[in-house]
Amino acid sequence: MSAKAISELSGKEMLYRFFEENPMGFPGLVIPKPMVRITSMDDFNAAADQCDWLRHDQVGVLKPDQLIKRRGKMGLVKIGSPNELKSWLHEFCGKLFQVGKTEGRLHTFIMEPLVRFKADDEVYVAIYSQRDGDVILYHPNGGVDIGDVESKAKKIFIPVKSDSMKIDQMDLTHALGSMITDNIQKATVIRQFINCLYEAYKALHFTYLEINPFVVEGDKVHILDLAAKIDETANFLCGDKWKGRTGRPVEMPAPFGRDLTSEEKYIAELDAKTGASLKLTILNRKGRIWTMVAGGGASVVFTDTVCDLGGAAELANYGEYSGDPSEGQTFEYAKTLLTVMTQGEPRPDGKVLIIGGSIANFTNVAKTFGGIVTAFELFIDKLKEHKVTIYVRRGGPNYQEGLRKIKDAATKLELPIHVFGPETHMTAIVGAALGVRPVPSVPTAPKTTGQFLLSPERNTAGTERVPTSPAPKTTTFETLKNFLSTKNPAGQDKENDVIRGLFENDTKAVIWGQQQKAIQGMLDFDYVCRRDQPSVVASTYPFTGDNKQKYYFGQKEILIPAYKSMMKAFASHPDASVMITFASLRSVYETVMEALEIPQLKVIAIIAEGVPENQTRKLLKVAQEKGVVLIGPATVGGIKPGCFKIGNTGGMMDNILASKLYRPGSVAYVSRSGGMSNELNNIISHNTNGVYEGIAIGGDRYPGSTYVDHIMRYQEDDRVKMILLLGEVGGVEEYKIVDLLKQKKITKPLVAWCIGTCADYITSEVQFGHAGASANGCGETASAKNTALREAGAIVPASFDDLGNQIKATYEELVFKGIIVPEPEVPPPAVPMDFAWARELGLIRKPASFMTSICDERGEELNYAGVPITRVLESEMGIGGVLGLLWFQKRLPSYANKFIEVCLMITADHGPAVSGAHNTIVCARAGKDLISSLTSGLLTIGDRFGGALDGAARQFSEAVDKGWSPMQFVNEMRKQGKHIMGIGHRVKSINNPDKRVEILKKLAQDKEIFKQETPLLQFALEVEKITTAKKPNLILNVDGAIGVIFVDILRQSGMFTAAEAQETIEIGTLNGLFVLGRSIGFIGHYLDQSRLKQGLYRHPWDDISYIMPESNF
């Protein structure tokens, strides 16, 4: 929901702060009052102690701050002394209170100073936004007795402009009326205040602001009572302004009587962390009927059907999951729902869980259903205890695999689950779940899978359906323009001219954004529609250079240019008349404004959700001036079978084939919901000869084009034989259709249904589906709209459950009258399936180019050797533990992790003179980069420098394995003329031991820490006694100590088999420790030389012996 109500305290604080920072030429105009928030958890005395004004005046005002209207009328405003306020708070705080149909508990209050005034001093002002402008309501007599303000107040209308919107001062003078002459000072102050208030309204992105009353005292204004809503989608624009004077962020409380439960808060937190949409509202914890529905529009339709079929009293929840949530997110959502569902005592009649949804456009159904199945497995005992019966109906990408998972879970877990796909009407499972209708039979499913039709010459991708009509002849865009100019030579009704023929079979589009998947989907649609040329001619994205991108048109590879400049893209393709923008909510306004300067553009589709309403209204205004049709924002787009589709509209190819969207039918529809558009495609294809065109105008309050725009276009198009409207609760756009029906301007059969009838049954305020789906009056309810449409002559079913039947009956009547003449179906061409999707469906297999067994980044989170990164961090296993997972695929004991970390520390560096550090320094001084310098040093590591770890481990372990004594080992090495690796040091000796080796020995010999035996270390120490007897510097060096202790870990820790231990030694693992440790030092030397800004190194002559040949050649 974009328009979010805020608390009175937040609204006042925002205004006070804004007026302080932006006096607009009238500093001190509004007197800011101190306010105190008191909740049920607070102590009144402590709160009162913060109020110097309360101790001074000994009187204050206390009232609930929970979005309750007409508090004064209900006795919810208390004026009194501190003791009186305390007593009143004690009486009302925590009390259940009835407001209309809603009962809620009073728990949050606002206390502020009393402003003394006369009754006739109260003034009313309100501002609210409409599609085409803002409205200011003003009345000189405000207060609780103002009554019907709409009929009494003076209205000032400020039309939307592409630049700054300002109040017409003549209109304001007219509104102030006789006060201009009767009380010029007061009139002047009110004029100043209303002008300043409107500037705040725009800057803070309010959508509604009512002050009733405010009081004028001299040249100052007191704001007494306030109610407000802000456009939540504008948070990225002015979130830093949505704060009070102390920096306290704005409060957006739940509606009265709808305080969020812990489960609802958890889902809200999940929703805030993802690009998907997760919503949950608990209506009745003891209810029998629970829903888990995918899609905003679908969630409303399922709830409607439950209520329409008599299940409102037992409806337990409302919610949705949509926008392609991950498997993990879906699991968390399902787990939370099942937690609430299975609480309390089991009911004798059991419970039902309806898992529904429309046909998804891009959500991977198998992935989300995987999360649901995991939740079933977790709650299996509880589900059986509560006798839960589950009904599932879903369609969309990979739905076959998703439904298979659910069926397998039903068998494995022995749960009563009824599973249906898109061949079943969307809400048919609701009647069965409620026990008022039989369980639907499963018709023969279309033989489609993935993205192509199986054997298209023999199977038309349909079940037993209505005979189809011939494909209506399509026209080109040029032909349509000629038709329009002939029909209206004087240029009358220009807006309707533009909007009639949006897409034809030669329409060309430019795509804004990196949307390869959507583009390929459009190209596949073009191919299956037998278009001569692709509909996408270019893409544009400002963050890449000009290039060409590879796509497929059928089996043929094609290159589509991508441009950095939008202007260049359209200049290079003058035949492109459509732009589809996938720009984010942050950049879409600037993107579309730039596009509106391109003369050739006729249609712009805006996919982004969350576009601020003020920006949307400006886009609408400019688009109207330029004669450009906007579709969206917050839409999946639209589709014209046989001609053109926008982005991901229509879903995957299997749905396009099953719904016969590859050729035109005779039915045109318009809806708000993108997900429900797919469902309408499905319903229409099952009950008629198919879709002629379908547009999803978008779920925001101000869609770029309206129901009327498209329905009148369908009315004028002879190729359309019947029209379908899917409206919804909220707004009044449907009443314009009612008026057109009454005026006989719509004469074609119109089947209409407005979703959201469930709002009549739910007493508390719930936001349904889209941002625009909220009734602000009786006339905006879905039931009222359905009644009005029916009375005006539209064909309105009893419920969405019967929509398909009404469509079928209307279609058959048109066939009977000869308006539609059915003809046999012509199979579409087969579309090759993308390799990635075929693999996702399990239809193909291919040997992998690489294999890995240590790390996987593909899932919910990165994991090392099967251990999620969060658990790695939580268990504090450190670098040693991470190395154990990635190098050995094992979780090593803590002492082994510590040993590894000690090794890294003591091998990190050994001064600048050693060959590796020397090479790194020389390279750094030559101006090379970090990677080159590091590599230069690492390349010196070998048998002569740092490579003794593996050699020492191998020699000492072989000696022990052969059963040699330390003396035998020394003698054998002497006989073979080999040095004992790991023995000997150039500087250190038995009398001057290497501290690094001492540290390692101490760690390994401390059995309180190092909880294992170390026989190889003991063997090496015995060897050291023999070698140092000969020469004091033949000590066990750091390479030898690390090597033998590590072999002891491999062999004695119990973590490795003998074969694994031997393989670890042979593949050079131990040298890896030296490489890793020494890299730390080499990087340090590089950084050191860079900081010191050392120049190019040249070795001095006097340190080189020049030995030249004596002969003169």
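Let's start with one cysteine. C529 is buried, with a relative accessible area of 11%. Buried means under 20% relative accessible area, with exposed over 50% and partly exposed in between, using a 1.4 Å probe and protein chains only.

A word on the source. This is a predicted model, where local features need pLDDT of at least 70, side-chain atom pairs count only at pLDDT 80 or more, and totals for chains, interfaces and linings use all residues. Residues are numbered from 1 along each chain as its sequence is written, and side-chain values use heavy atoms, with hydrogens and water left out.

For C529, the nearest cysteine sulfur belongs to C643, 7.4 Å away. C196 is in no disulfide either; its nearest cysteine sulfur, that of C238, is 18 Å away. C196 is buried too, at a relative accessible area of 3%.

Next, the cores. A nonpolar core is a set of buried Ala, Val, Leu, Ile, Met, Phe, Trp, Tyr and Cys residues joined through side-chain atoms within 4.5 Å. The largest has 103 residues, and I580, I737 and L789 touch the most other members. What does I737 touch? Leaving out residues up to four places away in sequence, its partners are Y707, V708, I711, L725, I746, L750 and L789. Contact means heavy atoms within 4.5 Å. A second, separate core of 54 residues includes A917, F945, F1019 and L1021.

We use a 1 Å grid over the protein atoms alone. A cavity is a set of points where a 1.4 Å probe fits but cannot get out. A pocket is an open set with protein on both sides within 12 Å along at least five of seven lines. Lining residues have an atom within 4 Å of a point. Grid points are joined across faces, edges and corners, and a volume is the space filled by probe spheres set on the points.

There are four cavities of 30 Å³ or more. The second largest cavity has a volume of about 60 Å³. Its lining has 13 residues, with L9, E13, G244, R248 and P249 nearest its centre.

The second largest pocket has a volume of about 1200 Å³. Its lining counts 34 residues, and I980, I983, G984, H985 and N1037 lie nearest its centre. Which helix gives the most to that lining? Helix 36, with four residues. Helices are DSSP runs of H or I, at least four residues, numbered from the N terminus.

Notes. A disulfide is a pair of cysteine sulfur atoms within 2.5 Å. Helices (H or I, at least four residues) and strands (E, at least two) are DSSP runs, numbered from the N terminus.
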